[in-house]
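Here is a short report on helix packing and salt bridges in one protein model. Look at the structure first, then read on.

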Amino acid sequence: MAKILIVDDAAFMRMMLRDILEKGGHTIVGEAENGKVAIEKHKSLSPDVTTMDITMPVMEGIEAVKHIKAADPKAKIIMCSAMGQQNMVIQAIQAGALEFVIKPFHSERILISINKVLGA
């Protein structure tokens, strides 16, 4: 299964995602609370998939996606956000995200998105 980096400023959201993903058979290789930390951890951990929140302090998710994709064009990133507005989805996809999942999370939807970006 996949090695996953979870990026979200809310600890309870990271915990919820960790629980869903581990139950789905995946390994969580790291967590980050903002986009700046996410960029550093993505470089050092080389995850198969990164889940990325959009609205975070220090550096927002879409900005972090741009940096990660510039350094690693093959990076597989799934955006996760409570804000399902059309322009956010478009910005995330333009930045390089492959999928977009709306909070609150549905376990099945998250796992389907992970499998989709992995090509399973």
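Arginine 18 is partly exposed, with a relative accessible area of 26%. The model is predicted. The arginine 18 side chain meets that of glutamate 31 in a salt bridge, 2.8 Å from N to O. Arginine 18 sits in helix α1 and glutamate 31 in strand β2 (residues 27–32), so the pair ties together parts 13 residues apart in sequence. The pair belongs to a network of salt bridges that links Arg14, Arg18, Glu22 and Glu31.

**Salt bridges**

Side chains of opposite charge can pair when their charged atoms come close. How many salt bridges does the structure hold? It holds nine.

| Salt bridge | Closest N to O |
|---|---|
| Aspartate 8 – lysine 103 | 2.8 Å |
| Arginine 109 – glutamate 99 | 3.2 Å |

Take aspartate 8 and lysine 103, which form a salt bridge. This pair links distant parts of the chain, 95 residues apart. Aspartate 8 is in the loop between β1 (3–7) and α1. Lysine 103 is in the loop between β5 (99–102) and α5.

Now arginine 109 and glutamate 99, with their closest N and O atoms 3.2 Å apart. Arginine 109 lies in helix α5 and glutamate 99 in strand β5, so the bridge ties together parts 10 residues apart in sequence. Arginine 109 is partly exposed, at 33% relative accessibility. Glutamate 99 is buried, with a relative accessible area of 7%.

**Packing of α1 and α5**

Two packed helices are described by the angle between their axes and the distance between the axes. Helix α1 spans residues 11–23 and helix α5 spans residues 107–118. Their axes come within 10 Å and cross at roughly 65°. Angles of 65 to 115 degrees count as roughly perpendicular, and α1 and α5 are therefore roughly perpendicular to each other. The crossing of α1 past α5 is right-handed.

Which residues make the contact? From α1 come Leu17, Ile20 and Leu21. From α5 come Ser107, Ile110, Leu111 and Ile114. Six of the contact residues are nonpolar and one is polar. No charged residue takes part in this contact.

Definitions and conventions: Residues are numbered from 1 along each chain as its sequence is written. This is a predicted model: local features need pLDDT of at least 70, side-chain atom pairs count only at pLDDT 80 or more; totals for chains, interfaces and linings use all residues. Side-chain values use heavy atoms; hydrogens and water are left out. Axes are lines fitted to C-alpha atoms, for helices over the stretch in contact, and angles run from 0 to 180 degrees between N-to-C directions. Helices (H or I, at least four residues) and strands (E, at least two) are DSSP runs, numbered from the N terminus. Angles under 35 degrees count as roughly parallel, over 145 as roughly antiparallel, 65 to 115 as roughly perpendicular and the rest as oblique. A crossing is left-handed if the near helix is turned anticlockwise from the far one by less than a right angle, and right-handed if clockwise. Contact means heavy atoms within 4.5 Å. Ala, Val, Leu, Ile, Met, Phe, Trp, Tyr, Cys and Pro count as nonpolar, Asp, Glu, Lys and Arg as charged, and the others, Gly among them, as polar. A salt bridge is a side-chain nitrogen of Lys or Arg within 4 Å of a carboxyl oxygen of Asp or Glu. Buried means under 20% relative accessible area, exposed over 50%, partly exposed in between (1.4 Å probe, protein chains only).
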